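Colleague: I would like to learn how to read a model like this one. Can we take it feature by feature?

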Amino acid sequence: MATIEFDNLGHSYHPRPSSPTDYALRRLSQEWEDGKAYALLGPSGCGKSTLLNIISGLLVPSEGRVLFDGLDVTRCTPEERNIAQVFQFPVIYDTMTVYENLAFPLRNRKVPEADVDRRVRQVAEALDLTADLKKRAQRLTPDAKQKISMGRGLVRSDVAAILFDEPLTVIDPHTKWILRRKLRQIHEEYRLTMIYVTHDQVEALTFADKVAVMYEGAMVQLGTPQELFEAPRHTFVGYFIGSPGINLMPCTLGGDQAIVEGISIPLAPGSANGLPNHELPKVGAKFELGIRPEFVELTRSGTAGSIPVQVVGVDDLGTSKLATVRMGSHTLKARLSEDQEIPLDAAIRFPTRWTKLYHDSYLVN
Ligand SMILES: Nc1ncnc2c1ncn2[C@@H]1O[C@H](COP(=O)(O)OP(=O)(O)OP(=O)(O)O)[C@@H](O)[C@H]1O
């Protein structure tokens with residue numbers, strides 16, 4: 001397995017890119033650790049496949065370099081990089097048995113038969129394929145075929161990384177859940193460097209140690225699921241991660257206060273200091289206040305630091321409730337515990353720790 005480094009990496013499909021929007025992947029320098037599970041998460045067209053193809057060697061980037069363990073592999077083929085890949089749809093040999101399919105990548109590399117057998121049985125066990133080992137692949141369901149495809153990616157322990165491109169697309173929802181857990185277990189056991197592309201936040205957050213969130217060609221945050229939840233570095237991360245996403249309100253700044261329609265909301269001391277000088281409040285600069293529904297406190301009017309609101313709806317979500325409140329012209333969501341009373345004279349508070357300031361969509365801190 002390898003450490004993967006992106007050195008000033010970028011890619012444009014245009015022959016002569018002239019603006020940032022001409023880039024499918026905007027300039028990126030970063031190091032991904034050996035043996036960790038990463039997810040590339042973002043909506044359709046944000047550049048996930050472009051980055052994955054650059055990592056695998058299917059695409060040569062128009063700018064920058066990719067290094068595996070310090071070695072420049074930018075122009076190496078997938079074979080030369082020693083990468084295993086699992087695609088959206090099964091890539092298997094229908095006429096071979098499940099065993100032969102799983103053994104193929106190892107036999108192809110002349111691995112001794114005893115090792116082939118041990119590894120094939122291990123992977124088959126992990127993916128619940130043991131009972132199918134002697135069956136021809138063509139007789140199996142699409143789910144089982146995709147499991148074989150994943151097994152073929154997992155069977156080699158000598159690869160630099162295993163790349164998964166939306167591998168659970170064809171799998172039914174229940175099996176999807178089981179397979180995600182299995183992949184996670186396999187990762188914990190073998191510590192393989194895994195990169196998993198998806199547009200599904202649940203898939204990314206349950207699978208990965210670190211999630212790279214992509215938006216319009218930019219990697220707007222690379223962080224643990226907890227970091228993405230607690231401190232979204234970009235309003236898109238706040239919106240895309242979480243259900244529902246972060247509450248956002250346009251604001252202006254007055255010292256360490258955000259001002260929303262004339263109402264002052266305290267920010268953590270020094271919050272605005274994070275703005276570089278040239279970005280100090282100016283005409284046209286866009287500031288937003290963000291707070292996740294989970295951190296909005298619903299209380300009674302008159303409580304210190306509270307702002308009166310009108311509760312316009314409450315959804316019972318089983319283990320919690322979701323209140324919709326109106327503050328001036330803004331509508332916010334607040335997640336409450338199942339048994340929390342909703343007062344008639346409702347008000348909300350914004351705990352400073354969880355109240356985030358965004359400047360032109362990026363977190364100021
Ligand atoms: N071969 C290509 N030539 C020109 N433009 C391309 C090419 N491949 C991708 N693009 C463009 O680059 C941008 C990023 O595409 P990419 O496929 O990397 O996104 P994605 O996040 O993987 O999307 P999806 O989830 O739909 O596969 C898109 O605007 C897409 O139209």
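Colleague: Start with the open sheet of six strands. What is the strand order, and is the pairing parallel or antiparallel?

Modeller: First, a caution: this is a predicted model. Now the general idea. Strands of a sheet pair through backbone hydrogen bonds, either parallel or antiparallel. Here the order is E13-E12-E11-E14-E21-E22, and the pairing is antiparallel.

Colleague: Which strands stand at the edges?

Modeller: Strand E13 (263-266) and strand E22 (362-363). Each has a single partner strand, so one side of each is left without a neighbour in the sheet.

Colleague: How many bridges pair E21 with E22?

Modeller: Two, in the antiparallel sense, with E21 spanning residues 356-359. For a residue-level handle, take His359: its bridge partner in E22 is Tyr362.

Colleague: Now hairpins. How many residues lie between E17 and E18?

Modeller: Three residues lie between them, and Gly318 in that turn has a positive phi of about 90 degrees. The strands, E17 (residues 310-316) and E18 (residues 320-327), run antiparallel and are joined by six bridges. Val314 has Ala323 of E18 as its bridge partner.

Colleague: Which residue of E19 is the bridge partner of Ala323?

Modeller: Ala334. E18 pairs with E19 (residues 330-337) over eight bridges, again antiparallel. These two strands also form a hairpin, with two residues between them. Gly328 sits in the turn, with a positive phi of about 60 degrees.

Colleague: On to helices. At what angle do H3 and H4 pack?

Modeller: Read the angle together with the distance between the axes. H3 (residues 98-107) and H4 (residues 113-126) pack at about 130 degrees, with axes 9 Å apart. The two helices are therefore oblique to each other. H3 passes H4 in a right-handed crossing.

Colleague: Which residues make the contact?

Modeller: From H3, Tyr99, Leu102, Ala103, Leu106 and Arg107; from H4, Val116, Arg119, Val120, Val123 and Ala124. By class, this contact has eight nonpolar, no polar and two charged residues.

Colleague: And how far apart are the axes of H3 and H5?

Modeller: They are 7 Å apart, at an angle of about 30 degrees, with H5 covering residues 142-154. That makes H3 roughly parallel to H5. The crossing of H3 over H5 is right-handed. Val98, Asn101, Leu102, Phe104 and Pro105 of H3 meet Ile148, Gly151 and Arg152 of H5. The classes here are five nonpolar, two polar and one charged.

Colleague: Backbone checks next. Is the peptide bond from Ser243 to Pro244 cis or trans?

Modeller: General idea first. Most residues other than glycine have a negative phi, and most peptide bonds are trans. The bond from Ser243 to Pro244 is cis, with omega near -5 degrees. Pro244 is in the loop between helix H9 (235-240) and strand E11 (247-254).

Colleague: Is the phi of Asn8 positive or negative?

Modeller: Positive, at about 50 degrees, although Asn8 is not a glycine. Asn8 lies in strand E1 (residues 4-11).

Colleague: Last, the ligand. Which residues surround it?

Modeller: List the shell, then sort it by class. Around the ligand are Tyr13, Ala24, Gly42, Ser44, Gly45, Cys46, Gly47, Lys48, Ser49, Thr50 and His199. That shell has three nonpolar, seven polar and one charged residues.

Key:
Residues numbered from 1 in each chain as written. Predicted model: local features only at pLDDT ≥ 70, side-chain atom pairs only at ≥ 80, totals over all residues. Near = placed C-beta within 6 Å. Nonpolar A, V, L, I, M, F, W, Y, C, P; charged D, E, K, R; others polar. Pairing = 2+ DSSP bridges. Helix = DSSP H or I, 4+ residues; strand = E, 2+ residues; numbered from the N terminus. Axes fitted to C-alpha atoms, helices over the stretch in contact; angles between N-to-C directions. Parallel < 35°, antiparallel > 145°, perpendicular 65-115°, else oblique. Left-handed = near helix turned anticlockwise from the far one by under 90°. Contact = placed C-beta atoms within 7 Å.
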